[in-house]
Amino acid sequence: MPRLPRWTAADAERPLLAAGFELLRSKGSHRIYGIGRIRVTVPFHSGEILHPKIVKQVLEAVEEAAQTSASDE
């Protein structure tokens, strides 16, 4: 498996918004994005690199959203 990119929270937010995710709510320093039944929580801590598990969750959610929208058409 290839290495995951090193992203900050702002970097992770871009593909989510581009895939059609909306900011559902925020609680403290965490923002919850969703589209349909898919939800992703991204911790926003100033300039810190996200844990690889969070990056993987974001990438999987974007991929799942793309597959869901492709099957709806």
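I took buried to mean under 20% relative accessible area, exposed over 50%, and partly exposed in between, with a 1.4 Å probe and protein chains only. With that in hand I looked up Arg 31, which is partly exposed at a relative accessible area of 29%.

I noted that this is a predicted model, in which local features need pLDDT of at least 70 and side-chain atom pairs count only at pLDDT 80 or more, while totals for chains, interfaces and linings use all residues. Residues are numbered from 1 along each chain as its sequence is written, and side-chain values use heavy atoms, with hydrogens and water left out.

**Entry 1: the sheet**

I took helices (H or I, at least four residues) and strands (E, at least two) as DSSP runs numbered from the N terminus, and I called two strands paired if DSSP finds at least two bridges between them. I found an open sheet of 3 strands in the order 1-2-3, with antiparallel pairing. Strand 1 and strand 3 stand at the edges with a single partner strand each, so one side of each has no neighbour in the sheet.

I then went through the pairs. Strand 1 (residues 22-27) and strand 2 (residues 30-35) run antiparallel and are joined by 5 bridges. Along this pair I looked up Glu 22, which stands opposite Gly 34, then Arg 25, whose bridge partner is Ile 32, and Lys 27, which stands opposite His 30. The two strands form a hairpin with 2 residues between them, and Gly 28 in the turn has a positive phi of about 65 degrees.

Strand 2 and strand 3 pair over 6 bridges, again in the antiparallel sense. Here I found His 30 opposite Pro 43 in strand 3. This hairpin has 2 residues between the strands, and Gly 36 takes a positive phi near 60 degrees.

**Entry 2: helix 1**

I next asked which residues of helix 1 are buried. They are Ala 9, Ala 12, Glu 13 and Leu 16. They cover an arc of only 105 degrees around the axis, which puts them on the same side of helix 1; the arc is that of the directions from the helix axis to the C-beta atoms. On the other side of helix 1 I found Arg 14 and Ala 18 exposed.

Ala 10 also lies in helix 1, and I recorded it as partly exposed at 34% relative accessibility. From Ala 10 to Glu 64 I read 20 Å, C-alpha to C-alpha, for a pair 54 residues apart in sequence. Helix 1 lies across strand 2 and strand 3, running at about 160 degrees to strand 3. After helix 1 comes Gly 20, with a positive phi near 100 degrees.

**Entry 3: salt bridges**

I counted a salt bridge where a side-chain nitrogen of Lys or Arg is within 4 Å of a carboxyl oxygen of Asp or Glu, and the structure holds 2 of them. In one, the side chains of Arg 14 and Asp 11 meet at 2.8 Å, N to O. Both residues lie in helix 1, 3 residues apart, about one turn of the helix. Arg 14 is exposed at a relative accessible area of 53%, whereas Asp 11 is partly exposed at 24%.

I then looked up Arg 31 and Glu 13, which form a salt bridge with their closest N and O atoms 3.4 Å apart. Arg 31 lies in strand 2 and Glu 13 in helix 1, so the pair ties together parts 18 residues apart in sequence. I noted Glu 13 as buried, with a relative accessible area of 18%.

**Entry 4: the core**

I defined a nonpolar core as a set of buried Ala, Val, Leu, Ile, Met, Phe, Trp, Tyr and Cys residues joined through side-chain atoms within 4.5 Å. The largest has 16 residues, and those with the most contacts inside it are Ala 12, Leu 16, Phe 21, Val 40, Val 42, Leu 50 and Val 58. Helix 1 (9-18), strand 3 (38-43) and helix 2 (52-72) each supply at least two residues of this core, and helix 2 gives the most, with 6 residues.

Key
Contact = heavy atoms within 4.5 Å. Axes fitted to C-alpha atoms, helices over the stretch in contact; angles between N-to-C directions.
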